Amino acid sequence: MNSQIDFSGRPFHFIGIGGIGMSALAYVLTKRQLPVSGSDLRPNQITRKLESLGAHIFSRQEASNLEFFRPQESADGIVLNSPEKLPVDKSNLPQVICSTAINTNNLEYKAAIELGCPILHRSDVLAALIADYYSIAVAGTHGKTTTSSMIGYMLWQAGLDPTILVGGEVNAWEGNARLGESKYLVAEADESDGSLVKHAPAIGIITNIELDHPDHYETLDEVVETFQKFAEGCQILVGSIDCDTVRDRLNPNISYSLHPDTGADYTVTNIDYRADGTTALVWEKGKALGVLNLQLLSRHNLSNALAAVAVGRALGLEFGEIAKGIATFEGARRRFEFRGEAAGITFIDDYAHHPSEIRATLAAARLQARPGQRVVAIFQPHRYSRTLTFLEEFSESFTHADLVVLTDIYSAGEPDLGLINGEQLAAEIGKQHQQVIYQPTLSSVCEFLLSNLRSGDLALFLGAGNLNQAIPEVIATLREPAKATS
């Protein structure tokens, strides 16, 4: 176990508890009956859920939040939490957890330092949990959330009752985490800030490796080095050798591939990509295991499923158990998530924000689209650094869309250095695509869609920012005329 982390009853306080990664950790700790508190500037359904479980949630990130942990003796001698500045017992101060998004000028962060609280990164808590269980950690530039969710769901359905922490919400366990009673833990392991190297799971999975976070890494070699250090800490490494970088720069103990001629340990034949899912015959070291059916679309999700098969077999599961679990897995939210229909238009929400992810998601959309149905890609670029670094790749990522609608860049806290904007990206995509429209704001995106979407369209909202907030408004407005005439 990470010696920095105390799971014996000492409080945890999360600055930015509503984030998708932070809240998953807070959920598991709260369910383990540990004292948990946290702050977030934007209360949401996740923070409300944590509060209902007993976590104390502050709606502001202020220095005064840390006064909650100072003791006060009441008139009858009972010690209470209070802002009264009485002597502090350092051993009872909370373990303050931050993500990379919290900077050193944050007032709550400064107060925690002044009070003498141990300050830890969220990856430290995850590393300690990974060490506390027989853990399966899923890493990779793309596919982490779907693969980790699928593995967690598969183990759950097989009766192994795992603890699960993922970077997206899953309807099956109504959130981004669940606490199991067994020794197994399935976690999504993020490489974006380099903290991946802290994790030493029993089984590690690497789905693929690309440069995706130019705010942290300057070159692909730096990314590879992070994954190599992660691989060294894994007892068993499972890797996709369809990714040239994984194949050439790492040495997985167990390999998988969609192509039988690669010689991978797990591969597939008789593949049928359909509008309602995917079917394939799975092979294990040259022996046919059986047919795999999954509800998810396209080749990238078949690859994710093959990773899950490899993990299940490494844990001793029969293929029938594995296939049964995968067949009923519906995916994580914001991963080709159906959001509704209105005026004959289908609305899909997807987290894709890297050029490779956009290509894969639009390929899945084209597969699902009926003859003559338009695929309308509505995209919000995420981070100035990513948009600038992959400008050429973005320009070539929308070939499967009939119409591309772009809005301005979601900064995700990055400063605007004036080097790139959404309109410039739209111009670059326009060099490769005939139908590209730029709308600078979410409200102008909504107005354009309401005037230009037509019955039969498949409207696909792409991005890791707040673009998907426009979906309910567009759907509601489109449904208003129907209400008026009914």
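How many bridges join strand S20 to strand S23, and which way do the two run? The views below are of a predicted model, where local features need pLDDT of at least 70, side-chain atom pairs count only at pLDDT 80 or more, and totals for chains, interfaces and linings use all residues. Residues are numbered from 1 along each chain as its sequence is written, and side-chain values use heavy atoms, with hydrogens and water left out.

**View 1. Strands S20 and S23 side by side.** Five bridges join S20 (residues 375-379) to S23 (residues 458-462), and the strands run parallel. Look for Val-376, which sits opposite Ala-459 in S23. Strands here are DSSP runs (E, at least two residues), numbered from the N terminus, and two of them pair if DSSP finds at least two bridges between them.

**View 2. The open sheet of six strands.** Follow the order S18-S19-S23-S20-S21-S22, where the pairing is mixed. At the edges are S18 (337-342) and S22 (436-438), each pairing on one side only.

**View 3. Helix H14 on the sheet.** Helix H14 (residues 442-452) packs here, touching S20, S21, S22 and S23. Touching means heavy atoms within 4.5 Å, and helices are DSSP runs of H or I, at least four residues.

View 4. Most residues other than glycine have a negative phi. Gln-33 has a phi near 65°, and Lys-285 has one of about 50°. Gln-33 is in the loop between H1 (20-31) and S2 (36-39); Lys-285 is in the loop between S16 (277-284) and S17 (287-294).

How values were computed. Axes are lines fitted to C-alpha atoms, for helices over the stretch in contact, and angles run from 0 to 180 degrees between N-to-C directions.
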